[in-house]
Amino acid sequence: MKLYKTENGILLESDDLFYRLHETDWDVAVNRDDLYDWLEIQIESLIPITFTDDIPMPEILAPIGSQEVWASGVTYFRSRTARMEESEKAGGGSFYDRVYEAERPELFFKSTAWRVIGNHGTVRIRRDSTWDVPEPELTLFASSSGTLVGYTIGNDMSSRSIEGENPLYLPQAKSYTGSAAIGPCLYVPEFPLGENTVIDIAIVRSGEEVFSGEVTLSQMKRKPDELLRYLFLEMAFPHGAYLMTGTGIIPPSDFTLQQGDIIHISIEPIGTLTNVVG
C-alpha cells in the first residue's frame with residue numbers, strides 16, 4: 001500500500017484504487033507500529049475515489065509531517081571506495097575505510113521537515129561547491145518506537161568537493177537548502193523489501209541521458225534494522241523518523257551536476273522520485 005500526502009489530505013493507494021483517509025494529520029496517521037494492519041482496517045470503511053477532469057488528482061506533497069530526515073554513510077563498498085578517493089589528499093581517506101569495517105555505522109542529520117523537497121520539486125547544488133552529485137537511496141520510515149513500518153525514495157544531494165576537503169566539513173556538504181528530497185509516497189508493505197530490490201538512477205541533461213546506474217539492496221553491508229537500532233539508541237523521535245540508507249551508485253569523478261539537470265530515482269515497487277536541479 002502507498003500513502004500520499006496531498007494538499008487535500010492523505011490518499012491511500014491499494015490494488016490500483018485510491019481512498020481518502022479520515023485521518024488528516026500525517027503525523028498521527030503514520031506513527032503506528034501496526035501501520036499496515038491499521039490501513040487494511042481503514043479500507044473496509046472507505047469508498048474508492050475515481051479521479052477525472054472534473055475531480056482531478058490533488059497536488060502530491062513530500063510524504064513528511066514533523067519528522068526529521070537522517071542519513072547513513074559508507075553502507076556500500078562502492079561508497080567506501082569513492083569516499084576514500086576523494087578524501088585522500090586531505091588525509092582523511094582511511095576514515096571511510098575504518099567506518100566501513102567498524103561496528104558502529106556513520107549516521108548524520110540531513111534535514112528538518114520544512115526543508116524537504118517532494119516529487120517534481122527543485123533540489124539545489126551549493127554555490128560554493130565545484131563537484132556535486134545526487135545520491136539515490138532507499139529511505140526507511142520508522143515509528144517513534146524505532147519500528148520499521150515503511151519506505152520511500154531519497155535523494156541525498158551531496159557536495160563531494162567540500163566533503164573531500166576535510167571529513168569535518170560533512171555537515172556543510174550534506175545539509176543545506178534544497179539538499180534533501182523524498183517521495184513520491186510512503187510505501188507500506190506487509191513484508192520488508194527483499195535484497196533483490198533494485199535502486200535505479202538516470203540523470204537527463206538537455207534531453208539526453210548523461211548518467212545512469214543501478215544497485216541492489218544485497219550490496220548493502222549494513223541492514224535496515226541495524227541502522228535504525230543505532231539511530232534510536234540515544235535519540236527520541238516523537239513522530240517517527242526517516243533514515244536514508246546510503247548509496248552504492250557513485251558517478252565518475254569527472255561528472256558533476258548542472259542547473260537544469262533532471263534526476264529520476266526509481267525503486268520498485270515504491271515508484272519514481274523526479275527532481276530538477278535549480
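Strands β12 (residues 198-205) and β13 pair in the antiparallel sense over eight bridges, where strands are DSSP runs of E of at least two residues, numbered from the N terminus, and pairing requires at least two DSSP bridges between them. Within this pairing, I199 is placed opposite V215 of β13. The two strands belong to an open sheet of five strands with mixed pairing, ordered β6-β16-β15-β12-β13. Its edges are β6 (122-123) and β13 (208-216), each of which pairs on one side only.

The model is predicted: local features need pLDDT of at least 70 and side-chain atom pairs pLDDT 80 or more, whereas totals for chains, interfaces and linings use all residues. Residues are numbered from 1 along each chain as its sequence is written, and side-chain values use heavy atoms, with hydrogens and water left out.

Aromatic rings (Phe, Tyr and the six-membered ring of Trp) were paired if their centres lie within 6.5 Å, with planes under 30 degrees apart counted as stacked, over 60 as edge-to-face and the rest as tilted. Y4 and F18 form a tilted pair, at 6.2 Å centre to centre and 45° between the planes. Because Y4 lies in strand β1 (residues 2-6) and F18 in strand β3 (residues 17-20), this pair ties together parts 14 residues apart in sequence. Y4 and F18 are buried (under 20% relative accessible area, 1.4 Å probe, protein chains only; exposed is over 50%, partly exposed in between).

F141 and Y242 also form a tilted pair, with 4.9 Å between centres and 45° between planes. F141 in strand β8 (residues 136-142) and Y242 in strand β14 (residues 241-244) are 101 residues apart, and both are buried.

Note on methods. Helix = DSSP H or I, 4+ residues; strand = E, 2+ residues; numbered from the N terminus.
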